[in-house]
Amino acid sequence: MKTLVYVLFLAALVSNIVCTAQSIGEYKDVTHYQYAITWAPTYCKYLFRDHCVPNLPDRFFMHGIWAGDASGRTVDNCRVEPPIPIGVLKKFEARLSKSWPPIIQGMTAFRLWGHEYRKHGVCLKDWTATNYLNFADRVSLNNNITKLLETNGIKISSTVKYSRGAIEKAIQTKIGAGFSMYLGCQQVGTLYYLKSAAICIKKIDGTKFLNVYEFVSCPQRIDPNYNNCGGGKTEEENIFLL
């Protein structure tokens with residue numbers, strides 16, 4: 001049963017996340033990285049239901065750091081890597097357990113981190129698993145999107161709706177005015193429930209430090225099945241933050 005739940009978890013994330021994936025990626029295609037986060041309440045109510053870890057806090061959880069190309073698609077599986085050694089994973093256990101825990105029962109944090117590195121992290125050229133996990137830790141530590149939304153008036157509510165524009169402007173107070181991002185929603189009738197987000201970042205050229213990055217605008221996505229919050233209506237208040 002645990003294996004089935006894990007398979008369902010991966011399938012749901014692939015089919016419902018804000019970006020699609022290529023089967024085989026190449027380093028030359030990578031133009032930016034995506035800080036991908038999941039709004040647990042929506043996933044647990046509409047997608048995973050009884051399979052979620054009990055009593056999860058109402059906040060964003062990191063899904064991973066993904067390599068992206070000029071069209072916004074993720075670049076995956078650039079090379080084959082063995083599983084991350086347990087000793088390496090244990091070094092990050094205390095640091096990442098809060099920001100990057102699994103939200104599905106039956107999946108361990110080590111399994112989640114290993115999957116994300118072997119699919120996405122391998123497309124960050126010359127990066128080891130340690131480099132990838134360090135970078136993920138730094139990005140998540142410095143970008144608390146849940147708190148950012150609350151500070152800017154976007155609060156959890158089952159009755160108050162927000163516009164896509166209001167959510168974007170709240171996040172732009174951190175990443176920069178006018179910078180685009182990806183917002184994924186679960187659509188129920190004419191309403192949308194915020195489900196996921198991806199903020200685009202880029203390593204600053206000319207620095208030897210892998211953890212030094214800057215925010216960039218995400219490439220425009222044309223596919224209507226992704227980045228779908230608000231149904232293309234930027235200022236209509238039709239999005240809930242459960």
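Tutor: A residue counts as buried when its relative accessible area is under 20%, and as exposed when that area is over 50%, with partly exposed in between. The model discussed here is predicted.

Student: Why does Y193 count as buried?

Tutor: Y193 has 11% relative accessibility. The limit is under 20%, so Y193 is buried.

Student: Where does Y193 lie, and what is it in contact with?

Tutor: Y193 is in strand β6. With neighbours within four places in sequence left aside, its contacts are T42, Y46, G184, C185, Q186, V188, F240 and L242. K161 is 32 residues from Y193 in sequence, and their C-alpha atoms are 9.3 Å apart.

Student: How many aromatic pairs does the structure hold, and why is the pair of Y46 and Y193 called tilted?

Tutor: There are 13 aromatic pairs. In this one the ring centres are 5.3 Å apart, and rings pair if their centres lie within 6.5 Å. The planes stand at 45°. Stacked needs under 30 degrees and edge-to-face over 60, so the pair is tilted. It links distant parts of the chain, with Y46 in helix α2 (residues 40–48) and Y193 in strand β6 (residues 191–203), 147 residues apart.

Student: What makes W100 and W113 an aromatic pair, and of which kind?

Tutor: Their centres are 6.1 Å apart, against a limit of 6.5 Å. The angle between the planes is 40°, and the pair is tilted. W100 lies in the loop between α3 and α4, whereas W113 belongs to helix α4, so the pair ties together parts 13 residues apart in sequence. Both W100 and W113 are buried.

Student: Which residues touch the most other members of the largest nonpolar core?

Tutor: They are I65, W100, W113, L133, I145, L149 and I171, in a core of 54 residues. Helix α5 (residues 129–142) gives the largest share, six residues. Another core, of eight residues, lies apart from this one and includes A40, Y43, C52 and I104.

Student: What is W100 in contact with, leaving aside its neighbours within four places in sequence?

Tutor: The list is M62, H63, G64, L112, W113, E116, Y132, L133 and A136.

Student: Why is strand β2 said to be largely enclosed by the rest of the structure?

Tutor: Nine of the nine residues of β2 (residues 60–68) are buried, so the strand is largely enclosed.

Student: How do you know that β2 pairs with β1 and with β3?

Tutor: Two strands pair if there are at least two bridges between them. Eight bridges join β1 (residues 32–39) to β2, and these strands run antiparallel. Two bridges join β2 to β3, also antiparallel. A36 stands opposite G64 in β2, and G68 opposite T74 in β3. The β2 and β3 hairpin has five residues between the strands, and G72 there has a positive phi near 90°.

Student: Why does N77 count as partly exposed and what does D126 count as?

Tutor: N77, at 31% relative accessibility, falls between 20% and 50%, so it is partly exposed. D126, at 65%, is over 50% and therefore exposed.

Definitions and conventions
Residues numbered from 1 in each chain as written. Predicted model: local features only at pLDDT ≥ 70, side-chain atom pairs only at ≥ 80, totals over all residues. Heavy atoms only, no water. Core = buried A, V, L, I, M, F, W, Y, C linked by side-chain atoms within 4.5 Å. Buried < 20%, exposed > 50% of the residue type's maximum accessible area, 1.4 Å probe, protein only. Helix = DSSP H or I, 4+ residues; strand = E, 2+ residues; numbered from the N terminus. Contact = heavy atoms within 4.5 Å. Phe/Tyr/Trp six-rings, centres within 6.5 Å; stacked < 30°, edge-to-face > 60°.
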